[in-house]
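Please read the following report alongside the sequence and the coordinates. It moves from the overall fold to a sheet and then to some backbone details.

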Amino acid sequence: MKMLMRLTLAALLFAPAAALAENTGGAPDITEGWNHLWRELMIDITVIGVIFALITVYLLIKYRRRRSDEEGKGVKLTQLASAGWVFIPAFIFMADDIFLAAKNFELWNKMREVPEGAYEVKVEGFMWGWDITYPEGATATNELRVPVGKPIKVSLTSRDVLHSFFIPDYRVKWDAVPGMNTYLWFSGKEAGEHVITCAEYCGTLHSSMYGKVIVMPEAEFEEWLKANTPKKS
Ligand SMILES: [Cu+2]
């Protein structure tokens, strides 16, 4: 039984990290990476929590008072055993903590490294909306149209106060700061719409500072882009 528990724990702790996803243009799937890490964290703390709770309950029952006049006597442990009871459980917990933190940093680095060949779109936050400019010159407000299956770099800045560009479905968020250029990137894996919202309180209408990412089939996107790109005179 103990062996089985140990094996289960080991299998959970060393479950493979999120693989490269399909349809992200060869870029790592950051969204699935965060989802995977979240699930792993929940499973790990549940397994560890349940094991610790069971041991505690077992000890409580085993060493309970059986008669009202019973006087307890402390369990005699050797020094080594006492140290073991303190450090081994703490070590198990810390090992998992550090292991998850390491995976977190690895994913974080991927999230901050824009894949080569990403399509760059400029987004400027303002009170209260998002102005979008495409490299070809097309502009939009609050509707970020992107081609499916291609890494998109969002170059961020702000016209007035601090905002935060957040696409909850893709698990990406970054601050838009006046006078500064920041960025994030994502890949729209399939055609569809996802909410963009401001995640930094920026005044009265902060709560209505939202828009959407519209992920479109490549050909449709190209058509839209062409129709909305100002003609050169
Ligand atoms: Cu805002």
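Which pattern does the chain follow when read along the sequence? The chain follows α-α-α-β-β-β-β-β-β-β-β-β-β-α, with four helices and 10 strands, where helices (H or I, at least four residues) and strands (E, at least two) are DSSP runs numbered from the N terminus. This is a predicted model, in which local features need pLDDT of at least 70, side-chain atom pairs count only at pLDDT 80 or more, and totals for chains, interfaces and linings use all residues. Residues are numbered from 1 along each chain as its sequence is written.

An open sheet of five strands, with mixed pairing, has the order β3-β2-β1-β5-β8; two strands pair if DSSP finds at least two bridges between them. Because β3 (139–141) and β8 (182–187) each have a single partner strand, they stand at the edges, and one side of each is left without a neighbour in the sheet. Strand β5 (residues 151–158) runs antiparallel to β8 and is joined to β8 by six bridges, and Leu156 has Thr182 of β8 as its bridge partner.

Most residues other than glycine have a negative phi, and most peptide bonds are trans. The peptide bond from Met127 to Trp128 is cis, with omega near 5 degrees, and Trp128 lies in the loop between β1 (119–126) and β2 (129–133).
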